Structures are given as C-alpha cells and as structure tokens.
Amino acid sequence: MDSSQLLSITTFTYLASAFLYLFVFVFRVPKLGIVATLSAVFGFLMETAGLGLRWVESYQMGIGHAPLSNMYESVIFYAWVIVGFYLAIEFIYKNRTIGAFAMPFGAFAMAWASFSTQVTKQINPLVPALQSNWLLAHVITCFIGYAAFAVACGLGIMYLLKNTKKDAGEGTLLGSLPPLRVIDDITHKTILFGFLWLSAGIITGAIWANSAWGTYWSWDPKETWSLITWFIYAFALHARFTRGWGGTRIAWITVVGFLSVVFTYYGVNFLLSGLHSYGSN
Amino acid sequence: MEKKQSTVWDTIWDFFASVKLALFVLFALAITSIIGTIVPQKEQAVVYIQKYGPAMARIFELLDIPDMYNSWWFVALLSLFSLNLTICSLERLPNVWRFITADNLRTEPERLAKMALRRRFTSALSPTEAAAEVEAVMGAAGWKAQRAEAEGGIVLFSGKGAWTRLGVYIVHISMLVIFVGAIIGSVWGYKAFVMLPERSYTDQVYAQGTNQAIKLPFQLVCERFDLTYYPNGAPKEYRSQLKVFDNGQEVLAKSIVVNDPLQYRGITMYQASYQGYEEFLVTLADKNSGESETLRLRPGQKQQWNKAGLTVGIVKVAGTQSLSSYQLRLWIDDEQGEPSVFWLDSTQTASVARPAATYQVSSKQYFATGLQVVKDPGVWTVYIGCTLMLLGLLVAFFLSHRRLWVYIDSDNGTTRVLLAGVANKNKAGFENNFEALAESLQENSKLQLGKE
Ligand code: HEM
C-alpha cells in the first residue's frame, strides 16, 4: 500500500461522505447520519495515514520533507483540516446537518487535487527557498485559517437558506437545520478561530520571507490577497462587535471572504504571477 | 465635554474616532489593494503603454498605479487607518480603564437582582455566618472573594480577568507598532545588492531601484560559492562561504544558504542569486609538503604556481551547457620531462605524479555569489508588533472578564442569599462555572440552603 492509494481511497470516501450528509439532510433520514459520520472519520484516518506515509516516502527517496511543499500537498492538507475541523464541530454541537454544508468543501478540495490536470502529484525535492521551518509554520497556520473560513462559508450558506423561510416547521427540510441564532453563533466563533490562524499565517509568512529574502512584506499578489482576506474578516468582526451586524449580512460576508480565500490560493497561482508561483505546477 | 458646546474640533475628533470610518477604511483598503495584484507593479513606463494603451497609461501614471502601494493615496489611506485607530483607542481607553479598576463591591443590589445569571437561596445561618461560609465555598471553587457591608446586607465579590478587556487595545496598538517598525525600516534602512565573485572582497553594495553605491562599515569576502543539485537536476543548495573583516581584522566567518543569512553590525547578507563563469578554479596540493595553491583559469589559458615551479593550463572543456557537470583537459608542466595532460571530472580529485612531487588536483567552476544586503533596524519592532497582535487576539477572542457577586441580607429573620454573575464573553462557559458554584453552595451542609 502506498500513499497515493490511501489518498485515492480518501478522495472517494470524502465524496461518498459528502453525498451521504447531503442525502441525510435532503431526504431527512437521520438514521443514516451515523454512516455519514463514520465515513468522514474513516476518510480522515485514511488521509492521516496517507499524509504520514507520503512523508515517510519522501525520506525513502532521500529528499525528506513534510508533505506541505506544493499545490497538491497543500490542497490535500487543506481537505484534511476542513474535515478535521468539521468533525470537531459535529462532535461539539452534536448536529449532522452542518455536514451537508461543510463536508462538500473538504470533498471538493480533495477531488480537485486528485483529478485536476493543473496539479502534479509527484513528490519533488525542496528548492532552496522552501527549505525553512517558517514556511512549514506558514502553510499550516494559513490552511487552518482557510479551513475555518470554508466551514464558516458553509454555515453562512446554511443561514441564508434557512433564512428564506424562517418559520419552517419541525418536519420540514429547513426546519431540520439548527435555529438561526445557533447557526449565527457557530459562524461567528468559526470566524474568530479562522481570523486568529490567518493572522498567524500572515505573520509566519512574513518571517519566512524576511529570513529568505530580507523583506518581510513586498506586496506580491499572494501576500496582498491574504491581506485582503484579512481585511474582509476584520470588517466582519468590527461590523458585528460595534454595529451589531449579524445574521444575513455576516452570512454574506462569509461567502465573500471565502471567495477571497479561493482567489488567494487558486486565482493568484493560476491567474496572476508572483513569488509564490512555486505552487503552480 | 458637553454635547451642546461641540466645536469644530469635536466634530473632527468624533469623525476620526468613529468605527464607521474604521469600516470604511477596512473596506477601502481591501478593495484598492486588489489593483496592484492585477496591474503589474514597478514596470517601465512603456510596458503600461503597450499593455493598456497610452490613455490608460496616462491615468495610471497620474494615480501612481505602477507603484500603488507606495502611492500618495494609498499611503494616505494607511495614515487614515492609523489615525483612526489611535484616536478611537484614545477615546475609549479611559472608559475601559474605569471599568477595569471599578470597585465592584459597590454595585447596587438592585442591579444584581436583574442579572441574567442569578440564584436565590435562604439559609438557616445568620447573615454574618452565612457570608463566612459562602466565602469559604467560593474560595474553594477558585473564586477568592472580597467582602463589604452594604445597605443592611453583606456583599461578596470575586472577579477574574478584568485585564482581558485590554486585549482589543493590544491588537490595535500592535498594528501601530508594526507601522512604526515599517517606517523605521524605510527611513533608516536600505535594501541593496552586490555580485561578489569568489575570492574577492567588497565594501560597497548597490541600492535596489536606484543602483546608488552604499558603503558598508566593513569588508565582505566571498571565499567560495557552491551550487549543488538533486539527482533530478533541481537546485538543492546555494552556499556562500563569507568572511567579514572589520578594520582589517577578520571578525566573522559563516557559510550562508537561502533562509540562513549572515548578520553583522545590523546589516544582513542573504543568499539571493549567483552567476557562473566559464572559468575554473583549479586547486593543486603538494602531497608531501602539504602546500597548496588555487589558480583561476580560463580555457586556453596558462598560469604559474611560482613557488612550486608549475605551469597549469586548461586545454579544453567538455560538459553540460550549464556546467552543472563538466570535464577539464588539464595540462601541467614543471619543465622536468613531458608535461602531464589528462581529463579531470568536476567531481573528481586526481593524483598527478611529477619527478619533484605528487600533486592532488581538483577543480570547480568559478562563480560570483549574488547577495541581498539589507539594513532594517525596524524588523524587531515589527516582530514585537506581530507578537503583540497574536497575544492580543488570543485575549480578545478567548478570555473573558467574569464577575460574581453574593448579596446576603436578612428579611424578617430569614437570611437571604443572592448569587449573581456576568461575563463579557464566552457566556456559555461562564454559565457552567456559575451553575457549578451554585450547586456546591447548595450542597454545603453548614449553610443549609433552601430554595427561596
Ligand atoms: C484591520 C485592522 C483591525 C483589526 C485586526 C482589529 C481588531 C479588533 C478586534 C479583534 C476587536 C475585538 C472584538 C472583541 O473580541 O471584543 C476589535 C474591536 C474593536 N475595534 Fe478593531 N481592529 C482593527 C481596526 C480597527 C480600527 C481602524 C478601529 C478604529 C476605529 C477599530 C476599532 C475597534 C473598536 C471600537 C472595537 C470594539 C471595542 C469594544 O467594543 O470593546 N479597529 N478590533
């Protein structure tokens, strides 16, 4: 068994799990919920093993480094964090409907990394600029933040959906979602969590840039977009704390913020150019 | 100051203290920052004319778009951001400080009776005895209480984390600290570059952008540069062996790689690039005497090692285009018999026997190392700001100010106990603490609490 097999299993398990969560939600068959959860947990364990094995394999190839060095590795790590983060939420809030909105993000990230022709899956040696522990810290912190924002976006969509019919009764589709107040609260906590990690991600990235090039900030497109994302969520936090924004408006900001996250990663690598273009193949 | 007398000055102050302005500035920064990620930055004027046409290029020039992050309007936006942050914080800090230092023992019982978290009991003990017991129970639960007599009753108060109300301000100040660091760096620092060939020295570097010469307060020597590759041909390491001479004395030697620079007297040398020449360094070592010499040779050129009476030349070079691997056809003559002529591989050390001595011969390509030379006295200020920001965010998001009161009085001979509490954040977590405390009060056998 090698890491690519484990990661393929992960991809299919995540897709199946996302499908199950959606199925359970749409057709209101809570009995199947446990199957969705178990498949998510199974996929998560498979991916954990796959990432670990890929790490080991890189050492066997004599170019050992943590599996966080290129587009493929960072996107599957992203999927790993999203699913881990979601499972934690499911465990804390004991609610599976969120899975229908969060799990698809993890499954999509994993599937895109696996099937897209834009990414190579090879384990490559680290070029000199990438040989830094600050870079590792940077990738990990950023992706934890981005994963939280993906989940927040799922929650935001959930809020907007439920908000279309506030008085949906117990037995209806939207009625099975948590109360608006609860969704809003979880969204807010998720944004706080993500904002903290994104801040840490931008800072560790700046420290890395300074140790490699002697400039902690050079306004290259990737840096700038991560800052734009940061401004968007800072805006959301302030609007909430000081102007009492909540509900629909914050839900929309989670969607906009997540689009900015996607652009920071996908858009900058494939549509713009800059220092970070190492990830583009 | 009273509202009625509001002057122009107050209006201006209120404008800069408003959170609406903060929201506007955050929004404006997010939107305008996009421009510089789409329009290429710091290109020559012709590039913009070619790409966007003369009319658009003219507009770009007016608005400083080609260097927008240093443009007057973007800097103005950042200044507005800082001013907003400063004034907003100045406006609010005094209130927060009053809150933190407030004497909570003087909170009126009527307010306690209206708090969201509250519990009423009766006790068989006298108020004084009950207060002592409650105080003990609170202390055991980690809520060390202060005590005061008030309006015919006894107040116990215990608060935790009042200082956490400062978290938000730490975050805001941290941003100002980062800006100060950035300004220090741009006023008193520089970024420069130098191409330093192996076995040479310099005390001059060239400013980025202007190419102006900057004199270093020391001399920098590059002893050697090495480039290594992975088996698949990707570069593995760029390594420069550097030495620093200060006043003619060698003070520092370090071999630097990308991500591990050399620092001396506040100036940092980063491995940034390199240049390979079609020249070679050929090293000869006399096996017996241990003496050695390195000669810099171009193909087709001869040089002498006088002390050993040797003449060395490169007849021919074979190898890859980039010279990542090569072979030299070397020619060595000591005027004692036929010269030695042989192939030497880039990775190889050859042993050459001559009548007078045996020499170990090795070679490497001749390089210049490209060093980014940076003086940035503001970096540590920026890093302190970053640390403060993370600490501040942790405090602001996850720590809360929790306050607990117990008010005990007597009503027609019955002792009444009111437990009340409030937290500014993480209310659910605090509620659990509150419930736990209420339960341990109730379970206390001496207090003999009953529900009112
Ligand atoms: C991107 C920059 C900014 C960041 C990251 C930031 C961060 C924060 C954070 C984390 C909070 C904490 C909310 C809480 O948990 O209680 C907060 C609150 C606040 N911020 Fe900012 N801030 C920024 C810019 C500004 C600016 C420019 C102003 C200027 C007016 C400002 C004014 C405030 C105010 C008034 C509060 C509410 C304090 C309170 O009600 O206790 N912020 N900010």
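# Exercises on a predicted two-chain model

An open sheet in chain B has four strands in the order β12-β13-β14-β15, paired antiparallel. The coordinates are those of a predicted model.

## Exercise 1. The sheet of chain B

Task: find which strands stand at the edges, then trace the pairing across the sheet.

Solution. 

Step 1. Start with the edges. β12 (302–305) and β15 (340–345) of chain B each have a single partner strand, so one side of each lacks a neighbour in the sheet. From one strand to the next, the twist averages 30°.

Step 2. Take β12(B) and strand β13 (residues 310–319) of chain B. They run antiparallel and are joined by four bridges. B:Gln304 has B:Thr311 in β13(B) as its bridge partner. The two strands form a hairpin with four residues between them. In the turn, B:Gly309 has a positive phi of about 70°.

Step 3. Move on to β13(B) and β14(B). Eight bridges hold this antiparallel pair. Opposite B:Val317 stands B:Leu328 in β14(B). This hairpin has six residues between the strands, and B:Leu323 takes a positive phi near 65°.

Step 4. Finish with strand β14 (residues 326–333) of chain B and β15(B). They pair in the antiparallel sense over six bridges.

## Exercise 2. The iron atom

Task: which protein atoms are donors of the iron atom of the ligand, and what arrangement do the six donor atoms make?

Solution. 

Step 1. Name the protein donors. They are NE2 of A:His238 and NE2 of B:His172, at 1.8 to 2.0 Å from the iron atom.

Step 2. Check the geometry. Six donors count as octahedral if opposite donors are over 155 degrees apart and all others between 65 and 115. The six donor atoms here subtend angles of 84 to 179°, so the arrangement is octahedral. Ideal angles for six octahedral donors are 90 or 180 degrees.

Step 3. Compare accessibility. Buried means under 20% relative accessible area. B:His172, at 13%, is therefore buried. A:His238, at 24%, is partly exposed.

## Exercise 3. The shell around the ligand

Task: which chains surround the ligand, and which residues come nearest?

Solution. 

Step 1. List the nearest residues. Of 22 residues around the ligand, these are A:His238, A:Phe241, B:Leu85, B:Cys88 and B:His172.

Step 2. Assign the chains. Residues of chains A and B surround the ligand, so the site is shared between chains.

Step 3. Look at the polar atoms. A polar side-chain atom of A:His238 lies 2.6 Å from a nitrogen atom of the ligand. For B:His172, a polar side-chain atom also lies 2.6 Å from a ligand nitrogen. B:Ala396 uses its backbone: an N or O atom there lies 3.2 Å from an oxygen atom of the ligand.

Step 4. Chain A has α7 among the elements that give two or more residues. Chain B has α2 (19–33), α5 (72–101), α8 and α9 (379–398).

## Exercise 4. A serine in helix α2 of chain B

Task: is B:Ser33 buried or exposed, and what lies 2.6 Å from a polar atom of its side chain?

Solution. 

Step 1. B:Ser33 lies in helix α2 of chain B.

Step 2. Judge accessibility. The relative accessibility of B:Ser33 is 0%, so the residue counts as buried.

Step 3. Find the partner. It is the backbone oxygen of B:Leu29, 2.6 Å from a polar side-chain atom of B:Ser33.

Note on methods. Residues numbered from 1 in each chain as written. Chains lettered and ligands numbered in written order. Predicted model: local features only at pLDDT ≥ 70, side-chain atom pairs only at ≥ 80, totals over all residues. Heavy atoms only, no water. Donors = N, O, S within 2.8 Å, 3.2 Å for Na, K, Ca; no water. Tetrahedral: all angles 85-135°; square planar, octahedral: opposite > 155°, others 65-115°. Buried < 20%, exposed > 50% of the residue type's maximum accessible area, 1.4 Å probe, protein only. Pairing = 2+ DSSP bridges. Axes fitted to C-alpha atoms, helices over the stretch in contact; angles between N-to-C directions. Near = heavy atom within 4 Å. Polar contact = N/O pair within 3.5 Å; in protein donor to acceptor, adjacent residues only side chain to side chain.
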